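Please open your viewer and get ready to select residues by number.

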Amino acid sequence: MVSIISLLIPLAFPTLTIAQPSPSTFPCNKFWTSLPPDDHNLTVPCAYLPGYPTVISDIPISVLHTTEFTPTAESSPLLDTLLIDTFTTAIATYSSLGLPSGFPEIILVLTNSTHETASYTLVTNQPEFPPSPCRIIAYSRWLANMTGPTATSIHDIDPGPAQQKLAHEIYHCVQKWNMNMSGDLPPPSWIVEGSAMYFSNLAFPSVDLEWEDSMVYNPDIPLYMHDEVRHASSSSKSAYATGLWFQSLEDGFGPMVINDFVLTATQPNGQVGGLEERKRLSRDVIAIMGFERFAERYSLGRAFSLAWGVGIKDTNGRYIPAAGGSVSPATLAMQDKEGKEARIDIATKPFTVKEFVFQIDGGQIIMLSLLPGTKPKAGKVKYRVGNGREWLDVPMGGSWGSSGFIVTPCEESVSVFLLFVSTADVEVDKSTVVVKQFYKDEDCPCKNGKKRQGVGLKDGCDKKEETKEEEEPEMTGSCAASNIPTDDCLMATRKWVLDIPSTKQLVETKLKESMPDAGVTGVVVGVTGSGEFVIAGDEGKNVTMTFKNLNIETVVTVQGMNFPVTVKVDGVAEANMFTEQKDGQGGGSVCLVMYAGHGSAVGSNPLFGDVVNYDLAAKDWISQDWDVTYTCGGGKFSIHGVLNGQTTFGPFVYNAVA
């Protein structure tokens with residue numbers, strides 16, 4: 001690649017001389033016989049720019065100019081170098097993507113005219129497909145962009161914007177040569193323009209010409225509805241702005257996968273309001289996984305300044321500025337007289353970025369969960385607390401793990417943010433978040449002199465402050481008072497070890513069920529390590545669950561791509577076990593009240609670099625009640641969690657130990 005420094009030294013290159021009308025001129029549209037003579041105002045003759053036609057990396061490249069074309073004095077010494085450098089860089093970048101149909105011949109036509117849309121600098125079309133060359137027309141604004149309105153000398157010239165704009169059009173040539181750009185299945189404009197913004201940045205990452213559009217991406221409009229081929233300065237639905245979405249995919253999928261996603265995109269005719277495109281995206285694993293990551297990073301980018309190091313990272317390593325946006329306040333609807341439980345009904349349009357916020361007063365331990373039966377059609381509800389820079393999943397009600405717990409200091413309230421990401425093929429996706437108080441510091445209101453404003457905060461400060469000893473949190477749930485004897489089958493063995501083959505089969509089944517429309521073609525699961533379920537105490541009301549290097553490694557193959565995930569559990573959890581019901585045939589239900597534990601459960605996704613760590617310490621299990629249905633007999637013991645008739649985990653099978 002020619003050094004940018006060389007572009008600023010005009011004496012290093014021959015002065016450009018534009019050919020005057022002569023016998024060497026020819027009709028500008030001679031390569032595209034089906035076009036009328038006045039197509040795109042090309043009514044004057046054309047000639048080859050000196051040095052063209054040429055071949056760059058085996059690709060035929062021609063540069064024509066109308067006989068009226070005259071570059072400015074500032075741009076003339078740079079034009080030849082700029083063209084060679086741009087074509088060489090763009091061809092090398094795009095050829096590395098594995099193009100199924102290769103690279104087309106390209107003809108660039110330099111003109112002095114202005115496009116009917118005054119802001120346009122270049123336009124690309126493939127008049128006859130195949131075999132005509134891809135045509136790029138450069139209007140007067142293209143070179144004007146390079147010099148700028150304030151340029152007074154050669155030292156004021158910045159070739160970067162002109163190069164990235166031309167690289168944008170060269171990628172359009174790649175699109176037109178490798179995908180159907182007309183007929184019954186035209187690609188959506190948001191994909192055509194958004195991907196060209198991204199790939200031109202891949203070729204020239206230091207220019208950042210795409211930032212202007214990216215910074216005004218409209219999160220309230222579905223991704224696929226950004227369908228206006230106008231720049232963001234004049235449109236709230238600019239297709240160019242979706243370059244930000246493509247950029248967010250880079251570190252997770254890589255340019256080759258992104259390019260494949262683009263070149264295989266089609267859109268049936270007759271669609272209404274983008275409904276067909278929404279259906280297509282809701283079944284595409286790249287769109288599903290990519291939009292979730294985009295929503296997380298986009299929302300963090302607009303919440304924090306660039307100094308925080310969060311958001312969407314550019315190819316050049318810098319974080320892209322995002323315009324700050326308002327967050328919708330969430331209404332806490334109380335569900336009990338004591339004020340210990342509330343619900344939040346939330347809704348979003350698929351493929352939008354929708355956030356909510358609510359306040360939790362100090363001195364509490366709060367658990368967030370999704371109300372059973374209100375799981376989003378497709379997608380996730382996530383949360384973060386205060387200035388937290390990571391989105392965590394809101395778990396389903398009754399599921400195990402530390403995710404969802406919030407501990408607030410007595411002295412101050414905290415803001416809890418919810419992010420609802422939906423990729424469903426529905427008009428509106430809905431869910432309900434349950435906010436449940438497990439513990440509150442009764443002295444807390446008297447320390448700051450304010451009444452509490454959030455869940456479980458109906459009591460004000462007493463007039464007379466009293467000093468109280470710290471109280472242990474009370475156990476919750478009806479099972480704590482159960483006196484039903486523990487099942488004889490469980491008492492006879494007491495020590496059970498996790499059955500590895502059935503655990504492996506369970507994971508395989510759950511993975512396939514979790515992605516019914518994603519095109520899963522293979523699931524590979526490996527399970528190593530051990531797990532124990534030990535019953536102690538004269539009445540069998542104490543349980544210790546131990547996991548020793550329990551590793552679950554999975555690889556899911558979707559649309560030809562492998563997605564690996566590893567979960568490692570190493571630790572101990574202790575609980576009181578109360579029998580709720582026995583069926584008399586070696587089965588029934590028990591309630592596990594978790595009260596202590598240590599160790600961790602770590603989930604990692606090497607493809608994306610994601611790591612999630614769940615702490616099994618006592619504070620993360622405090623006052624949780626787990627309703628568990630069990631069967632016991634024939635040397636086997638199985639358990640699965642149930643809440644409101646729905647399975648929340650399992651069934652896990654354990655084998656008896658003599």
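This is a predicted model: local features need pLDDT of at least 70, side-chain atom pairs count only at pLDDT 80 or more; totals for chains, interfaces and linings use all residues.

Residues are numbered from 1 along each chain as its sequence is written, and side-chain values use heavy atoms, with hydrogens and water left out.

**Stop one: two helices**

Select residues 189–203, helix H5, and residues 255–263, helix H9; their axes come within 10 Å and cross at roughly 155°. Helices here are DSSP runs of H or I with at least four residues, strands are runs of E with at least two, and both are numbered from the N terminus. Axes are lines fitted to C-alpha atoms, for helices over the stretch in contact, with angles from 0 to 180 degrees between N-to-C directions. H5 and H9 are therefore roughly antiparallel (an angle over 145 degrees).

Now show the side chains: Trp190 and Phe199 are among the H5 residues in the contact, and Pro255 and Phe261 among those of H9 (contact means heavy atoms within 4.5 Å).

**Stop two: the sheet**

Next, find the open sheet of five strands, ordered S8-S11-S16-S13-S14 with mixed pairing (two strands pair if DSSP finds at least two bridges between them). Select 328–329 for S8 and 392–393 for S14: each is an edge strand with a single partner, so one side of each has no neighbour in the sheet. S8 runs parallel to S11, residues 354–360, and two bridges join them. Pick Ser328 and you will find its bridge partner in S11, Phe356.

Conventions. Angles under 35 degrees count as roughly parallel, over 145 as roughly antiparallel, 65 to 115 as roughly perpendicular and the rest as oblique.
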